Amino acid sequence: MEKSKLIKKVNNFLEKIVGPDDSFIDCGASFGWVCFPVASRIRMMRGKGKVVAVEADKKTFRFIQKSVKKNNFDSNFIVENLYVADSL
């Protein structure tokens, strides 16, 4: 499946299950293809939900940080520069 179609399917699914006051964690957030639409939806519904984007790559992490500020998501968005794994 083409990447853009997959992202659209994932975001359509998340629209159905993420409510305005829910928290959402995106581990391996990449460039925010999933976490930004969720944050936008929460804000649009005037919710109190939070989005946490976890990204290990420093450059991509900085990109997400800048995008959060640029899009005024500061109040409901947390960005962490971390690796996530189930074992060491």
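Modeller: Asn76 touches Ala39, Ile42, Arg43, Gly49, Lys50 and Val51, leaving aside residues up to four places away in sequence. A contact here means heavy atoms within 4.5 Å. This is a predicted model, in which local features need pLDDT of at least 70 and side-chain atom pairs count only at pLDDT 80 or more, while totals for chains, interfaces and linings use all residues. Residues are numbered from 1 along each chain as its sequence is written, and side-chain values use heavy atoms, with hydrogens and water left out.

Asn76 sits in the loop between α3 (58-70) and β3 (77-80). Helices (H or I, at least four residues) and strands (E, at least two) are DSSP runs, numbered from the N terminus. With a relative accessible area of 7%, Asn76 is buried. The cut-offs are under 20% for buried and over 50% for exposed, with partly exposed in between (1.4 Å probe, protein chains only).

Phe73 lies in that loop too, between α3 and β3. It brings us to the rings. The structure holds 4 aromatic pairs. Rings of Phe, Tyr and Trp (its six-membered ring) pair if their centres lie within 6.5 Å; planes under 30 degrees apart are stacked, over 60 edge-to-face, and the rest tilted.

One of the pairs joins Phe31 and Phe63. Their centres are 5.2 Å apart, and 75 degrees separate the planes, an edge-to-face arrangement. Phe31 belongs to the loop between β1 (23-27) and α2 (35-44), Phe63 to helix α3. The two are 32 residues apart, so this pair links distant parts of the chain. Phe31 is partly exposed, at 39% relative accessibility. Phe63 is partly exposed as well, with a relative accessible area of 39%.

Phe73 pairs with Phe36, and because the ring planes stand at 45 degrees, with centres 5.8 Å apart, the pair is tilted. Ring pairs tie Phe36, Phe73 and Phe77 into a cluster.

Now the backbone. Most residues other than glycine have a negative phi. Ser30 has a positive one, near 55 degrees, and is not a glycine. The relative accessible area of Ser30 is 27%, which makes it partly exposed. Arg46 is not a glycine either, yet its phi is positive, at about 55 degrees. Its place is the loop between α2 and β2 (50-54). Arg46 counts as exposed, at 76% relative accessibility.

Last, the cysteines. The structure holds 0 disulfides, a disulfide being a pair of cysteine sulfur atoms within 2.5 Å. Cys27 is in none; its nearest cysteine sulfur belongs to Cys35, 11 Å away. Cys35 is likewise in no disulfide, with the sulfur of Cys27 as the nearest, at 11 Å. What about their cover? Cys35 is buried, at 0% relative accessibility. Cys27 is partly exposed, at 48%.
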